[in-house]
Amino acid sequence: MPSGGLLLQSVVLGLLLGGLYALLAAGLTLYFGIMRVVMIAHSAFLILAAYVAWWFNVRTGLDPLLSLAGTVPLFFVTGVAMQRLLLARLRPATLTMMSVLLTFAIALFIEGMLGYLFTGTQRRIQLAYSASSLDLFGARIAVVKLIAFGLAGAALLGLYLLLKHSRFGWALRATIQHRDAARLAGIDTDRVAGYGFGLGLATAAIGGTALALDATVYPSLHWHWIGPLMAIIVVGGLGSIPGAAIAAMVLGMAQSLLQIPLGTTWAQTVFYLALFATLALRPQGFFGGRLAQRF
Amino acid sequence: MRSVSKARVWLGLPVLLAGVGLVLSFPSLAPNPYLLSVGIVVLNYAVLSTAWNFMGGFTGYISLGHGALAGLGAYGTALLITKAGMPSFAALFAATAIVALLAIPLGFAALRVRGASFVIVSIALVLILLLVFQSWASLTGGSSGLVVPRPFPQLLRPEHHRVFYYLFAGLLALALLCWWLIDRSRFGLGLKAVREDEDKAESLGTPTFAYKLVIFTVSAAFTALGGGLYALWFGDLDPVFQFSILSGAYMVLMALLGGVRNLFGPVLGALIVGIGLEYFKVEYGNTPLHLVASGLLLAVVVMFMPDGVIPSVSNVFGRFFQPTRASIREVSAEQLREEARR
């Protein structure tokens, strides 16, 4: 039986990791809700943002968190452009399948360019507070992880408030629920869908910066993220943001706890096992509504 | 209509015979063993891509995880030879049978819901298998790889290549024949109905789930055969290459590029992409630029010719040779509706 301190540490780390997963899965869910797109390139953009944060830190010596001021608007615009110029032009009948391939192609492109520009070397940001940690009843929690969690939590809260309490959020949710009806109500669904996509990609920018704080990054890292993230959105029920957030916390915690007896590598399989179990037992996911049953 | 199809047979038969002749005589024409090995790689791609096209072409379900099925076939064959002491080709068929059996529960989980979940499962399959095969070093050799004993130890390298070239060509012919037979069968019609409109097909009494599961199993079996034969030929397996999402993506790219609704579409795609990849390897070595090029090519195909080059080219030719073509096109009612809406 592992000691109480170790257990507590795993629980806290799982919570912190789950927060990041939740933010990223919320972005994936947005894309899916808006246009039934499984956005494989989401995690590639995540790594891209992490690289930008690292490069910014190396070049200027400033705190990588400041790079958010550049990446968030940039990613938002990229997301809008991607939706308007690429995804919206695919044939609607085969959109789900073809968009997977298109975003996969984008992911390959980003990975290849990162590898070409920065080589495959593993990169890590060195900060003054990188090594400092907090003592919490015998659990040691790195400060950078706390900052990353705070960032993810704040972004998620912001997203929630935006969706629930702003006019744009209403329009976006209406577009997700029923596009034709939303258009009848006078919503410019095309534009709203584009902004929604931008919002999703902005979560990748924030997540990537948070990731860069305490992780080593390399170009092919995004494959290690997309698998768990896709498992999370299926387990949570495709299209449901609360479902994705709950699944992210539960699975992040499970991964962190399983690392004690199984080690880091085998603990990752929990995502895939949860994915297969969900599809076999409850294909619409645990919190998915009508939408999830059809996909 | 009848005369058109007759004309197609008369046009197609010499082309087909010429193609077969070219494939069969390539080993004698190839000036060096390297080119012969490129020929084998291309044939392997053609087999895998045709195998993928059983699922992707008929039902429209796009799997990015067929690379994992090929890897399972390869590792299954290798492990049955080294650990169970089976003869090479018996191991190949046993591994294929095992992968086909594994495909049933996989398909059961993946096919109960529609496309999006299927893609997600297919990607998850690659990632989980990569994890398992890299970590379980005591069985699979882990990242240091696994050496597969050669089936014909007495043969020299060029002869070895030559034998495997014909084995791959035979396997390709078998896969194409099966695809052709299914294409003209009632079963194939049901699968295409799934592709066009799954709800309608189901309401008209097509057992869509059973059909999808059967074709997924067939597709998995051919993929495993291709992967296993590759293991016997290449003789050295590494989890990073066997369970790579990229190899699955190449199958999709080849099939789409050639045209998923054509019998020879994946073969044509394999020819183009396979040669392109080899060229890149020679020209740029192991830089990540081949990722960039593959990504761009895939994006161009998806955006501008999702039906592949064969339909695009034959449309151009059709304008010259068959100006009075029948007006019935192979598009679904849904596509027409959406075109009208635009």
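This is a short talk about how two chains, A and B, meet, and about some helices and salt bridges in chain B.

Hi everyone. Before we start, please keep in mind that what you see above is a predicted model.

Let's begin where the chains touch. Chain A brings 46 residues to the contact, and chain B brings 46 residues as well. Together they bury about 4200 Å² between them, and carbon and sulfur atoms give 81% of that area.

How many salt bridges are there between chain A and chain B? The count is 1. You can find it by looking for A:R91 and B:D307, whose closest N and O atoms are 3.0 Å apart. On the side of chain A that touches chain B, at least two residues each come from helix 3 (68-86), helix 4 (95-118), helix 9 (222-236), helix 11 (264-267) and helix 12 (269-281). Helix 4 of chain A gives the most, with 15 residues. If we sort the residues on this side of chain A by kind, we get 34 nonpolar, 8 polar and 4 charged.

Helix 3 of chain B covers residues 66-82 and reaches 24 Å from its first C-alpha to its last, close to the 24 Å expected. Of its 17 residues, 16 are buried, so helix 3 of chain B is largely enclosed by the rest of the structure. Helix 7 of chain B, residues 157-183, has 27 residues and reaches 38 Å, close to the 39 Å expected. Its buried residues include B:H160, B:F164, B:F168 and B:W179.

Let's finish with salt bridges. Over all chains, the structure holds 10. One of them links B:K212 and B:E198, at 2.8 Å from N to O. B:K212 lies in helix 10 of chain B and B:E198 in helix 9 of chain B, so this pair ties together parts that are 14 residues apart in sequence. Are these two buried or exposed? B:K212 is buried, with a relative accessible area of 2%, and B:E198 is buried too, at 9%.

Another pair, B:E278 and B:K281, meets at 3.5 Å. Both lie in helix 13 of chain B, 3 residues apart, which is about one turn of the helix. B:E278 counts as buried, at 12% relative accessibility. There is also a network, in which salt bridges that share partners join B:R195, B:E196 and B:R261. B:E196 is partly exposed, at 26%, while B:R195 counts as buried, at 19%.

Definitions and conventions. Residues are numbered from 1 along each chain as its sequence is written. Chains are lettered from A and ligands numbered from 1 in the order in which they are written. This is a predicted model: local features need pLDDT of at least 70, side-chain atom pairs count only at pLDDT 80 or more; totals for chains, interfaces and linings use all residues. Side-chain values use heavy atoms; hydrogens and water are left out. Contact means heavy atoms within 4.5 Å. Buried area is the accessible area (1.4 Å probe) that two parts lose on being put together, summed over both. A salt bridge is a side-chain nitrogen of Lys or Arg within 4 Å of a carboxyl oxygen of Asp or Glu. Helices (H or I, at least four residues) and strands (E, at least two) are DSSP runs, numbered from the N terminus. Ala, Val, Leu, Ile, Met, Phe, Trp, Tyr, Cys and Pro count as nonpolar, Asp, Glu, Lys and Arg as charged, and the others, Gly among them, as polar. The expected span of a helix is 1.5 Å times one less than its number of residues. Buried means under 20% relative accessible area, exposed over 50%, partly exposed in between (1.4 Å probe, protein chains only).
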